[in-house]
Each structure stands twice: as structure tokens, then as C-alpha cells.
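Hello,

Here is the structure you will be working with.

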Amino acid sequence: MLNVEPGATVNVEPCRCCGKDRRASFGFVHDHGETVAFYYAALEPTQHGERSIVTAVSLGDWGHEVDPSTRCAAVIRAKLVNGEIELTFLEPADSPVKDRAMLGNVMSKAEAIASVACDRFIEIAGAVLLEDPDVNEHIAR
Ligand SMILES: [Zn+2]
């Protein structure tokens, strides 16, 4: 059973296309008490005419001494379409996290879809959308 622990919501650099302020929420996801993932979700400006969130999900061991290269990550966009949340994988260049080394190996869209971790990425992104209050309010309000 996944458990989302939101850390903080921060202001990030303004949107490149419209200059509007953007916020991001990040935290950890636990599975039966064990930390299994880190997430960083950028809440896209609502001025874009759609509700959208771009999340980097990094799977692996988040202990202090752990080599980040043991982790693997994917970038996922969540969008509200006709009342349904649609999830799609994006490319590493779309990652809202600049320090990508911290995330581990960030997979391309094709790699993520073909990966054994594909379902896990989707499962974790889904849990974040439901359980991080700022993320949930942005997408589902
Ligand atoms: Zn914009």
C-alpha cells in the first residue's frame, strides 16, 4: 500500500512560454513503511487553458549514502481531459528537476514504456495525484 509524504510546495522559475509563476510540490512515496520513490511535481500555470502537472518520479533507494546512479526515473505528464486524468511519459529534457543526476538514470519515453518499472511509475504518479493535497487540488479542482 503506497503512502505519499508531501515535503513542501515551492515557487519555481516562471513559465518559459507565458512568464506566469509556477509552483512545484515534492516529497517521498513509501510502500509498507519503506521509502520507494521521490517525486517532484511542477504545477503548470492554469493560464494554459488546461490543468496539467509534470512529475519526475525516481524509483530506488533514498538512503543517505546511496549512489544516485542506482536509481531510475521517468517524467510523466498528468492532464485533466473531459474529467479524466490522462498520464503520458515525456522525455528527460522535460524533467522539472534540473539536477537530474540526483534522480538516477532518467529514461526516455520509449525506455519508460518498455521498462519493467513502467507500471510502477504509473502507480506512483497516480498515488501522488490523489494524495499530495496541492497536486490534487491543482489537477482535480
Ligand atoms: Zn506558460
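C17 is exposed, because its relative accessibility is 59% and exposed means over 50% relative accessible area (buried is under 20%, partly exposed in between; 1.4 Å probe, protein chains only). No disulfide (a pair of cysteine sulfur atoms within 2.5 Å) turns up in a search of the whole structure. C118 is in none either, and the nearest cysteine sulfur, on C72, is 11 Å away. C118 is buried, at 15% relative accessible area.

This is a predicted model, in which local features need pLDDT of at least 70 and side-chain atom pairs pLDDT 80 or more, while totals for chains, interfaces and linings use all residues. Residues are numbered from 1 along each chain as its sequence is written, and side-chain values use heavy atoms, with hydrogens and water left out.

Next, serine 25. S25 is in strand β2 (strands are DSSP runs of E, at least two residues, numbered from the N terminus). S25 is buried, with 1% relative accessible area. Its side chain makes a polar contact with the side chain of D132 at 2.6 Å; such a contact is a pair of N or O atoms within 3.5 Å, where within protein one must be able to donate a hydrogen and the other to accept it, and residues adjacent in sequence count only if both atoms are side-chain atoms. Beyond its neighbours within four places in sequence, S25 is in contact (heavy atoms within 4.5 Å) with A8, T9, Y39, Y40, A41, D132 and V135.

Regards

Methods:
Helices (H or I, at least four residues) and strands (E, at least two) are DSSP runs, numbered from the N terminus.
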